Amino acid sequence: MNEPLVSVIVPAHNAAAHIGMTLRNILSQSYSNLEVWVVDDGSEDETARVVQSFDGPIRYRHQNSQGPAAARNSALKIAQGEIVAFLDADDLWSKHHLARSVRLFQEDPSLGIVQSWTRNWRSGRERGPSYCTDPYRFTMLCSSVYRHSVFDKVGLLDSSLRFGEDSDFFIRCYEHHIAKRIYPDVSLYYHRHGGNMTAQKSLQQLGVVQVYKRRRDRIRDGLLDAAAVRGEGLREYCGEPPLSYDDGRFQPVGEEILSFLK
């Protein structure tokens, strides 16, 4: 089979402390036919210098600060790949994340999304990096890989949402009957640290209430039929978040993370 181009999109805002780790991780993927778009969303640190120190298929794009959804959208509009993947500038993937997803897309042309599992880890000076959740499956944009055509059908990410744009997008994919395959391995290692945008935010602050209100409004306005027969419910399609994004455990990480820390 041919190897379709995969466009990897990395939004970055003041990400100099972590983005080198993330780019090393992307370049170590077992799938190599990539273009990598780093969209610098108005950084005021050394993000540009770090990104531009890398060789290979990494392309740098700067914009005034508009939020991560707008940064991803700006790259989506120019990305050339048949397949799209997102990775935040402080997170990591498992080595075969892209290769496995591409293979599943090639085996089943009806698929629009391949979704894997996530596990959270935290940086640590005293005890070292450690996992802080069990694996879980939820609407984390970076845990899934997408056919580019999905965005033509469903629309871009909602840039009016500073938080919750991932849940909003998955709900719209569900409403548009986008076929999804779940691969039951951890592919996304979600990095918890003091600079996380979502740290110490309530569900309302994270946009969850607003996202579900928008779905209710679409149903009320007759824009979709909530009673339409589907093979799975919304919760089954999207998955569920962990009870806590940091449950207090200190379980040492392995080489899947340590190998990218410098």
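## An aromatic cluster

Phe86, Tyr146, Phe151, Phe169 and Phe170 are joined into a cluster by ring pairs, where rings of Phe, Tyr and Trp (its six-membered ring) pair if their centres lie within 6.5 Å, and planes under 30 degrees apart count as stacked, over 60 as edge-to-face and the rest as tilted. This is a predicted model, in which local features need pLDDT of at least 70 and side-chain atom pairs count only at pLDDT 80 or more, while totals for chains, interfaces and linings use all residues. Residues are numbered from 1 along each chain as its sequence is written, and side-chain values use heavy atoms, with hydrogens and water left out.

By the ring rule the count comes to nine aromatic pairs. One of them joins Phe151 and Phe169, whose ring centres are 5.0 Å apart with planes at 15°, so this pair is stacked. Because Phe151 lies in helix H5 (residues 149–154) and Phe169 in helix H6 (residues 165–175), the pair ties together parts that are 18 residues apart in sequence; helices (H or I, at least four residues) and strands (E, at least two) are DSSP runs, numbered from the N terminus. Phe151 and Phe169 are both buried, a term that means under 20% relative accessible area, with exposed over 50% and partly exposed in between (1.4 Å probe, protein chains only).

## Arginines over rings

A charge sits over a ring if NZ of Lys or CZ of Arg is within 6 Å of the ring centre and within 35 degrees of the ring normal. Arg72 lies over the face of Phe86, at 6.0 Å from the ring centre, and Arg127 lies over the face of Phe250, at 4.0 Å from the ring centre.

## The surroundings of Arg122

Arg122, in strand E6 (residues 113–122), has a relative accessibility of 10% and therefore counts as buried. Its side chain makes polar contacts with the side chain of Ser130 at 2.8 Å and with that of Asp246 at 2.5 Å; a polar contact is a pair of N or O atoms within 3.5 Å, where within protein one must be able to donate a hydrogen and the other to accept it, and residues adjacent in sequence count only if both atoms are side-chain atoms. Leaving aside neighbours within four places in sequence, the residues in contact with Arg122 (heavy atoms within 4.5 Å) include Cys132, His191 and Phe250.

## Cysteines

The structure holds zero disulfides, a disulfide being a pair of cysteine sulfur atoms within 2.5 Å. Cys132 is in no disulfide, and the nearest cysteine sulfur, that of Cys142, is 16 Å away; with 0% relative accessibility, Cys132 counts as buried. The sulfur of Cys238 is 8.8 Å from the closest cysteine sulfur, in Cys173, which is too far for a bond, and Cys238 is buried, with a relative accessible area of 4%.
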